[in-house]
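Here are some notes for a colleague who is meeting this structure for the first time. Please read them with the model open beside the text.

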Amino acid sequence: MPTPVPPLALGGDYNPEQWSSDVHAEDRDLMREAGVDLVTLGVFSWAHLQPALDRWEFDWLDRQMDDLQAAGIRVDLATATASPPPWLARRHPEMLPVTQDGRTLWPGGRQAFCPSSPVYREHALALCRALGERYADHPALALWHVSNELGCHNARCYCDVSAAAFREWLRARYGDVDRLNDAWGTAFWSQRYGDFEEVLPPRIAPAFPNPTQQLDFLRFSSDQLLDNFVVERDVLHEVSPGVPVTTNFMVMRQTFEMDYLRWGREVDVVSNDHYLMADDAHAHRELAFSADLTRGTAGGAPWLLMEHSTSAVNWQPRNRAKAPGETIRSSLAHVAHGADAVLFFQWRASRAGAEKFHSALLPHAGTDSRLWREVVQLSEVLDSIEEVSGSRADNRAAILYDYEAWWGCELDSHPSIDVTYRDRAEDFHRALSAAGIGVDVVHPGSDLSRYRLVVVPTLYLVTDEDAAAVAAAAEAGATVVVTYFSGIVDESDHIRLGGYPGAFRDLLGVRTTEFLPLVEGESVTVEGLGDAGVSADVWAEELELAGAEAVAHHADGPAGGRPAVTRREVGTGAAWYVATRLAPDGTDHLVERLVAEAGLDRLPGASADVEVTRRVGNDASWLFVINHGSEDASVPVTGTELVSGRSVSDDLVVPAGGVAVVREEH
Ligand code: GLA
């Protein structure tokens, strides 16, 4: 019978088809040496499993499963549908994806399929079923891995097959074409449709395509990809009951096409892939935010880090190698934010192919390398903290996050291209983390009752219901803070009239009659947050008070003299509004006031460079400390530090670059 995923598993993608059988034996020996106990097998194996339409070759995979089992290594078995083999595209060129400007994406790379293609789906499901039936009872099997990073290269397809599927999706959403006309505002620019058959995906057009058409196409595309997961999952649930099914998300700053907060409800366990960007000097902050958002997609449950890298990747313009200790810090950071497994792409660095310069657990240099020694060390660290597995966060601050708001916010033909969705969310997350406040990142429609502080960053698109829930949280005693370009439109991307920010105007007690976006490079001064003025850029508003008090003012710029930050008492809580893009020190000052007002407890020892989180179990709690800075950090905590095995009494010193996990004594 299959067995569960090991607690705090270590491992990665294993691609044995790239190597000969003597290498496989060495792989297993070295996996044992490194403490690898979970591998993801078969992600890109379709062409090896089904080399031709009527030829199946499972022997090699049977052997792998048996040998891994004998070596005590569990398998996250992929359905291998991520990249169709060349013979399939040759028979069915109509399954290839097409870009917005009409170019076909050909085989030769990977993921060359249209997510709406019935041909692709038929063949993918046949493969999925064959694998499901063959390995359902294999003792090495711990988890099913559907496809791989659905939508990584083919998130939006504009081909004729997709166009027909989009029309079906629109029929289901709107019923009749006049409702679509209303929702899309087609009275504008002579866009009125007489029949669904006239509707196309938002292909390259002479002028801005209809914004609601673009928004619906993003919704449709996310739904189609999710459907690719759901149909495979359902086959696996049927033929392999009781074995959890996942697909690896890509929750990171660059990936906005998939609505993972919806997808999270469909997987048995959330898994995520995360890579650091070399040009981000503070990439660990983006990691922390993404990991909290990943936990949000899992509804707070533990999740699996399915992929990250031991060192450099190969797909950025300049691929920075990780510094000594960085792999351990990033791995522990994911665990600190709720991951219960630390897996990598990939086990052994490839000799050939497009990813031969991507780092791996086992580098080209072999085991006599700093990287390998760090992997072995990571394995020991994970073993020492295994008891945290299954524990959760217990936070009282939330950042509301919504992929639809992201899509809407960054559509074209807007007031300023400098207004980007994740920007404010990440800055508040940074400031709160530095202040020692643990944060959940959740959908606006979630239960907000546990939160004392609710941050609503750039929630451009919001439903009436979700806006009402935010107001209710303030009424019930929470401190709510809303940032500019929130509450502007409804779910059809129609402006909420009567003054901005329409959906939150009454709650906030402000009324903006005009946006005053700043030009590129322009910066203004805001007074009233710290002792000195703080700078702000990107955005300002012609804002009038309508029940709120001004907390800070613009000293200059197009909104000179007007309020920049406001506050209104609401029920037993309060609602704050931030009408400009504060520089980080401005956000820090503001966050200090919000945290004090909300009466939040702080995690000990946190600062800009020292990341601190707490995971809570049934009868224990663990404090994670990750020192990203260049100076030793001192943390007032009492308990047992698990990595070193030492007791600490109110004075834990975490060296520069080091990590610590303390089982707390209360
Ligand atoms: C993604 C994919 C992997 C690999 C890595 C490289 O995460 O899932 O197959 O290509 O990127 O970073």
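1. Helices H1 and H12 are oblique to each other, a word used when the angle is not under 35 degrees (roughly parallel), over 145 (roughly antiparallel) or 65 to 115 (roughly perpendicular). The angle between H1, residues 21-34, and H12, residues 370-384, is about 55°, and their axes lie 8 Å apart; axes are lines fitted to C-alpha atoms, for helices over the stretch in contact, with angles from 0 to 180 degrees between N-to-C directions. Helices (H or I, at least four residues) and strands (E, at least two) are DSSP runs numbered from the N terminus.

2. The model is predicted, so that local features need pLDDT of at least 70 and side-chain atom pairs pLDDT 80 or more, while totals for chains, interfaces and linings use all residues. Residues are numbered from 1 along each chain as its sequence is written, and side-chain values use heavy atoms, without hydrogens or water.

3. Where H1 touches H12, Leu30, Glu33 and Ala34 of H1 meet Trp372, Val375, Val376 and Ser379 of H12, contact being heavy atoms within 4.5 Å. Sorted by class, this contact between H1 and H12 holds five nonpolar residues, one polar and one charged; Ala, Val, Leu, Ile, Met, Phe, Trp, Tyr, Cys and Pro count as nonpolar, Asp, Glu, Lys and Arg as charged, and the others, Gly among them, as polar.

4. In H10, Arg285, Glu286, Ala288, Phe289, Ser290, Asp292 and Leu293 meet Arg422, Ala425, Glu426, His429 and Arg430 of H14, and the contact of H10 with H14 has six charged, four nonpolar and two polar residues.

5. Which residues are around the ligand? They are Phe44, Arg110, Asn148, Glu149, Asp273, Tyr275, Glu307, Trp315, Phe345, Glu355 and His358, each with a heavy atom within 4 Å of the ligand. Polar contacts (N or O atoms within 3.5 Å) include a polar side-chain atom of Arg110 at 3.0 Å from a ligand oxygen, an N or O atom in the side chain of Asn148 at 2.7 Å from a ligand oxygen, and a polar side-chain atom of His358 at 2.7 Å from a ligand oxygen.

6. Some backbone details deserve a look. Phe345, one of the residues around the ligand, is joined to Gln346 by a cis peptide bond with omega about -10°, and Gln346 sits in the loop between strand E9 (339-344) and H12. The bond from Tyr500 to Pro501 is also cis, with omega near -10°, and Pro501 is in the loop between strand E13 (479-483) and helix H16 (505-508).

Key. A polar contact is a pair of N or O atoms within 3.5 Å; within protein, one must be able to donate a hydrogen and the other to accept it, and residues adjacent in sequence count only if both atoms are side-chain atoms.
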